[in-house]
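My notes follow in the order I looked things up.

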Amino acid sequence: MNLTNSNSGSWRIGTDAETAWIADNTSAGLTITSAIPPVFDRYATIVVPEDDDAAWEALDRALLSILRVESANQRWWLGYLDNSADGILFPEAPRVTLYAGWRYVLVEAGPEQALTWRKLTWRQRRSLPDLIFPTDRCWLVSRLSDDDWICVGGPAGLVHKVLRHADLETRRVELGQDATPPGHIAM
C-alpha cells in the first residue's frame with residue numbers, strides 16, 4: 001500500500017508481514033530480546049539524554065551516520081509508535097502490532113526521512129523513529145515506549161561502531177543479560 005503525505009510525497013506503508021520476524025522472536029522482559037530478536041551477532045543499548053536538545057541532536061546524527069554506512073543503497077523501514085498523544089505522520093495508514101500490543105505506522109523510506117519526519121508532526125524532542133531497520137534486516141534499532149534507552153542489534157562491526165562513538169553513551173549487552181543501563185529503571 002502506498003500513501004501520500006502532503007509534506008513528503010508518496011511512500012510504501014508496511015504491514016505485519018514486514019515485522020513478523022520481530023514479533024515472532026521477541027518477548028516481554030528485561031533482556032535485549034524484549035526489543036531485538038536473537039538473530040544478530042552483537043547487541044547494545046544507547047542511553048537517551050534527558051533534557052538536552054543538543055545531546056538529542058548529537059545522538060540522532062551519530063546513530064544515523066553509523067547506520068547509513070551499514071546499509072548503503074537500501075531503503076529502511078521506519079516505525080512510529082501510535083501513542084495518540086501526538087500527531088502521526090500518516091494518520092490514515094494501517095498499523096502493525098509489536099511488543100506488548102503497541103501499534104506502529106511502518107513506512108519504507110530512508111535516512112533523511114528518519115531524521116526529519118517526526119519533527120513535522122511530533123512535539124517530542126526525539127526525531128528518530130521508534131523502530132528502524134533496513135529492508136535486508138541486517139540490523140535493528142528499537143526504542144520501547146517507556147524506556148529511556150535505545151536497543152540495537154546487528155553485525156559485530158556495526159555494534160562496535162555504536163559502542164565506540166564519542167557522542168553515544170552505550171553499553172554492550174549479551175543475550176540473557178538485563179538490557180537496562182546502569183542507573184536506569186525498566187518500566
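I started with Glu70, which is partly exposed at a relative accessible area of 24%. Its partner is Lys161, and the closest N and O atoms of this salt bridge are 3.0 Å apart. I checked where the two sit: Lys161 belongs to helix α4 and Glu70 to helix α2, so the pair links distant parts of the chain, 91 residues apart. Lys161 counts as partly exposed too, with 37% relative accessibility.

A reminder to myself that this is a predicted model, and every number here is computed from it.

Next I looked at Arg95 and Asp82, whose side chains meet in a salt bridge at 2.9 Å, N to O. Both residues lie in the loop between β4 and β5, so the pair ties together parts that are 13 residues apart in sequence. Buried or exposed, I wondered about Arg95? Arg95 is buried, at 17% relative accessible area, and the cut-off for that is under 20%. Asp82 has 25% and is partly exposed.

Then came Arg12, which forms a salt bridge with Glu18 at 3.2 Å, N to O. Arg12 is partly exposed at 35%, whereas Glu18 counts as buried at 15% relative accessibility.

**Overall layout**

I stepped back to get the order of elements. The protein has four helices and ten strands, and along the sequence they follow the pattern β-β-α-β-α-β-β-β-α-β-β-β-α-β. Of its 187 residues, 49% are buried.

**Strand β6**

Which strands pair with β6, I asked? Strand β4 (residues 76–81) does, in the antiparallel sense and over six bridges. I picked out one of the residue pairs: Trp76 has Ala109 in β6 as its bridge partner. Strand β5 (residues 96–98) also runs antiparallel to β6, joined by three bridges. Here I noted Val96, whose bridge partner in β6 is Tyr104.

I then checked burial along β6 (residues 102–109). Six of its eight residues are buried, so the strand is largely enclosed by the rest of the structure.

**Positive phi**

The hairpin of β5 and β6 has three residues between the strands. Tyr99 is found in that loop, and its phi is near 55°, a positive value in a residue other than glycine. I wrote down why I stopped there: most residues other than glycine have a negative phi.

I found Arg137 with a positive phi as well, about 60°, although it is not a glycine. Its place is in the loop between β7 (131–134) and β8 (140–142). Arg137 is partly exposed, with a relative accessible area of 36%.

**Nonpolar cores**

Which residues touch the most other members of the largest nonpolar core? I found that Phe90 and Trp117 do, out of 34 residues. Then I listed the elements that give two or more residues to this core: β2 (9–13), β3 (42–47), α2 (53–70), β4, β6, α3 (111–121), β9 (149–154) and α4 (156–164). Helix α2 provides the largest share, seven residues.

There is a second, separate core of 22 residues, and among its members I noted Ala35, Ile36, Val96 and Leu98. For context, nonpolar side chains tend to be buried together in soluble globular proteins.

**Largest pocket**

My last stop was the largest pocket, which holds about 340 Å³ of space. How many residues line it? I got 22, and Ala28, Gly29, Ser34, Trp102 and Leu144 lie nearest its centre. By type, the lining divides into 13 nonpolar, six polar and three charged residues.

Key. Residues are numbered from 1 along each chain as its sequence is written. This is a predicted model: local features need pLDDT of at least 70, side-chain atom pairs count only at pLDDT 80 or more; totals for chains, interfaces and linings use all residues. Side-chain values use heavy atoms; hydrogens and water are left out. Buried means under 20% relative accessible area, exposed over 50%, partly exposed in between (1.4 Å probe, protein chains only). Two strands pair if DSSP finds at least two bridges between them. A nonpolar core is a set of buried Ala, Val, Leu, Ile, Met, Phe, Trp, Tyr and Cys residues joined through side-chain atoms within 4.5 Å. A salt bridge is a side-chain nitrogen of Lys or Arg within 4 Å of a carboxyl oxygen of Asp or Glu. On a 1 Å grid over the protein atoms alone, a cavity is a set of points where a 1.4 Å probe fits but cannot get out, and a pocket is an open set with protein on both sides within 12 Å along at least five of seven lines; lining residues have an atom within 4 Å of a point. Grid points are joined across faces, edges and corners, and a volume is the space filled by probe spheres set on the points. Ala, Val, Leu, Ile, Met, Phe, Trp, Tyr, Cys and Pro count as nonpolar, Asp, Glu, Lys and Arg as charged, and the others, Gly among them, as polar.
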